[in-house]
Amino acid sequence: MDESTLRTSVTMFLDSAVPPDADVLESVMSRVPSRRPQRGFPRGAVLVAAVAAAILATLGTVFAAGGNFPIHLNLVPFAHQEGSARSKKPPDAASSIPVVKTPSVPTTLAAAEASFGHHVLTPSSSTGAELQAVYFQAAQPVPAGSKPGQTPTPATVTIQYSYAGSGLTMWEMYDPSSAPLTVDAINEGGAKSKTSSGLGPVDIETVRGSDYALVRTVAGGPVEEMMWKTAGGIVVTVQFDSPLSTSLAFAFATALN
Amino acid sequence: MQLLLDPARKSNVEDESEGVAALQRGDIRGLAVLVRLHQLKALRAAFGILGNRFEAEDAVADSFIKVVEKIGTYEQARPFEPWFYRIVVNTAIDHGRMARRETPFAEVLTDETGTADFDVRLQVAAAVRALSDEERAVVVLRYYLDFDERSIAKILQTPLGTTKSRLHRARERLRRELSEPNQCWALSAAEGV
């Protein structure tokens, strides 16, 4: 059997096996909006909770003097359950997280900024970060019948970049309050947050006078997630697909403008 | 903004190019254009590797999602198909590794008898089923998608020598399976018998 006959045979076989009216368009389009923004949300949500907390907080007025707003860690008791750390859930106090439940809409940076109504932070080209995708999620009211304390979900811009040989997802929300950023963390032998490998320590680090909350995989280890509130009231959460060194994480965070 | 394209007005290549450009701008309608253009060939290619329609559809749908995720890395100056089929074939292979399929190509083997090409399909299905997923991938890439060995090596990210030996082994097995006595199906089918 020569090459031509083999090609004809394989082609005939495959052409006949899948009819011409086969269609995956609906399946593909239905997956697009629901898959992308979910990336990393379960873990990011623990930190994103701070947005709602910050908006609701009446802890007094704190002004960000040129740099980021100060950050307070709110330690929530750890509900001991059997099983691995990943399976343990934070208590109800942390469940009032404004997790984006409805699909974000893929869009462009310019369109996202117009819908957001605020300047969307983007990294300088010197970081080498490359834009991959932009999504916008309009503000979501508290659904009827929600638990007391449930907060509305602010409008959110979700941006994905390739960076430092991996990827990252960045969420930007606007917090109009002048309150500091309150980050909920699980109180388990210190401030902890869920990471891809269990519970990781949460630190607040100050760089050039600005506070950043960092979630590391282990104490002193690579950074998996960062959060801060800019002087302009933009609450930024960055989640790295692969944990990065502190210097690389800050190289990105401090290059946003 | 007019992004949904009129196929009667433009060639597929132009549609593809505009679909890619739209997607790179974040306009998801560009994806719909690419799906319409490439889904059938992609489904057939994935079926050739997985041997199951349902799994092939799942793999192809996943592939298009990856296209959305990776479209920022695609350079418009390069041809789209090798880039796209690299995603499709590797996604299908990954799906094959994850799934414990009972009998690949079972739906072909249990299809209705009595159709003119049933014997042909039966024989090819049996022959292709005897190959590993990786061997099926090189067969699909070479004989269905018409890529040369060097391109196949790039798509599968395997050394050229490995690709050549894998293709040689797959080809010999197919020839052996399909050249059994009384199995002159290919010629018969080609002649419309």
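Tutor: Axes here are lines fitted to C-alpha atoms, for helices over the stretch in contact, and angles run from 0 to 180 degrees between N-to-C directions. This is a predicted model, in which local features need pLDDT of at least 70 and side-chain atom pairs count only at pLDDT 80 or more, while totals for chains, interfaces and linings use all residues. Residues are numbered from 1 along each chain as its sequence is written, and chains are lettered from A and ligands numbered from 1 in the order in which they are written.

Student: Why are helix 7 of chain B and helix 9 of chain B called roughly perpendicular?

Tutor: The axes of helix 7 (residues 133-144) of chain B and helix 9 (residues 160-178) of chain B come within 9 Å and cross at roughly 90 degrees. Angles under 35 degrees count as roughly parallel, over 145 as roughly antiparallel, 65 to 115 as roughly perpendicular and the rest as oblique, and these two helices are therefore roughly perpendicular to each other.

Student: Which residues of helix 7 of chain B and helix 9 of chain B make the contact?

Tutor: Helix 7 of chain B gives E134(B), E135(B), V138(B), V139(B) and R142(B), and helix 9 of chain B gives T163(B), R166(B), L167(B), R169(B), A170(B) and L174(B), where contact means that C-beta atoms, placed from the backbone, lie within 7 Å.

Student: What makes strand 1 and strand 2 of chain A the edge strands?

Tutor: In chain A, 11 strands form an open sheet of mixed pairing, in the order 1-6-7-8-9-10-11-5-4-3-2. Strand 1 (71-77) and strand 2 each pair on one side only, and two strands pair if DSSP finds at least two bridges between them. By that rule strand 9 (residues 210-216) and strand 10 (residues 223-229) of chain A are a pair, because four bridges join them; they run antiparallel, and A213(A) stands opposite M227(A) in strand 10.

Student: Where does helix 5 of chain A pack?

Tutor: Helix 5 (residues 246-253) of chain A packs on the sheet, and its direction makes about 145 degrees with that of strand 11 (234-244) of chain A. The buried residues of helix 5 (those with 20 or more other C-beta atoms within 10 Å of their own) are A249(A), F252(A) and A253(A).

How values were computed
Two residues are in contact if their C-beta atoms, placed from the backbone, lie within 7 Å. A residue is buried if 20 or more other C-beta atoms lie within 10 Å of its own, exposed if 12 or fewer, and partly exposed in between; C-beta atoms are placed from the backbone.
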